[in-house]
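Here is a short briefing on one protein chain. Please keep the sequence and the 3D view open while you read.

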Amino acid sequence: MKLEEEDQEKVEAAAKNELFDNDMQGRVLIAEDDDSSALMLETFVRKNGLDVVVASNGKEALNIFRENMNFDLVFMDLKMPHMNGFDAAREIRKISADSLKRGLQQKPDSIEPGFCCSETEN
């Protein structure tokens, strides 16, 4: 992502504020079509020790999730091109639920907490 110099300075200044322990672990999928917002969120998440994958629209986020469902958290913008966040989140929930069902049938001891999301769409 390429930001104007002024925006880049704002992102770097904001990233200096420590919000969490830097000892966090996990993988985060960020779906955001606005470059500035995506970079800001990515900077905060990475600074706190988490691995990040960024998608620029809902369809890309869904494809990334299908390839590797090993995410601990998904940040989803709601208004994006190609597929909005509501539709992408709905599909990700379906994939997660199907995966959990298959896992329960195969190896009940290997199931870990997965993706959870509210059904409310306001």
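The points below go from the overall fold to single residues.

This is a predicted model. The chain has 122 residues, and 31% of them count as buried. Its secondary structure comes to four helices and three strands. Read from the N terminus, the elements run α-β-α-β-α-β-α.

**Whole chain**

- Residues 24 or more positions apart make up 70% of the contacts with a separation of 6 or more.

- The three strands form an open sheet in the order S2-S1-S3, and the pairing is parallel.
- Strands S2 (51-55) and S3 stand at the edges. Each has a single partner strand, so one side of each lacks a neighbour in the sheet.
- On average, neighbouring strands of this sheet are turned by 15° against each other, direction ignored.
- Strand S1 covers residues 27-31 and pairs with S2 in the parallel sense over five bridges.
- Within this region, Arg-27 stands opposite Asp-51 in S2.

**Helices across the sheet**

- Helix H2 is formed by residues 35-47 and lies across S1, S2 and S3. It runs at about 165° to S2.
- Helix H3 is formed by residues 58-67 and also lies across S1, S2 and S3. Its angle to S2 is about 135°.

- How many aromatic pairs does a search of the whole structure find? There is one.
- The partners are Phe-65 and Phe-71, with ring centres 6.1 Å apart. Their planes meet at 20°, under the 30 degrees used as the cut-off, so the pair counts as stacked.
- Phe-65 is buried, at 2% relative accessible area.
- Phe-71 also counts as buried, because its relative accessibility is 10% and the limit is 20%.

- Asp-33 sits in the loop between S1 and H2.
- Is Asp-33 buried, exposed or partly exposed? With a relative accessible area of 33%, Asp-33 is partly exposed.
- Asp-33 and Asn-57 are 24 residues apart in sequence. In space, their C-alpha atoms are 5.6 Å apart.
- Neighbours within four places in sequence aside, Asp-33 is in contact with Ser-56, Asp-77, Lys-79, Met-80 and Pro-81.

**His-82**

- His-82 is found in the loop between strand S3 (73-76) and helix H4 (85-106).
- Is His-82 buried or exposed? His-82 counts as exposed, because its relative accessibility is 69% and exposed means over 50%.
- The phi of His-82 is positive, at about 70°, although the residue is not a glycine.

Notes
Residues numbered from 1 in each chain as written. Predicted model: local features only at pLDDT ≥ 70, side-chain atom pairs only at ≥ 80, totals over all residues. Heavy atoms only, no water. Helix = DSSP H or I, 4+ residues; strand = E, 2+ residues; numbered from the N terminus. Buried < 20%, exposed > 50% of the residue type's maximum accessible area, 1.4 Å probe, protein only. Contact = heavy atoms within 4.5 Å. Pairing = 2+ DSSP bridges. Axes fitted to C-alpha atoms, helices over the stretch in contact; angles between N-to-C directions. Phe/Tyr/Trp six-rings, centres within 6.5 Å; stacked < 30°, edge-to-face > 60°.
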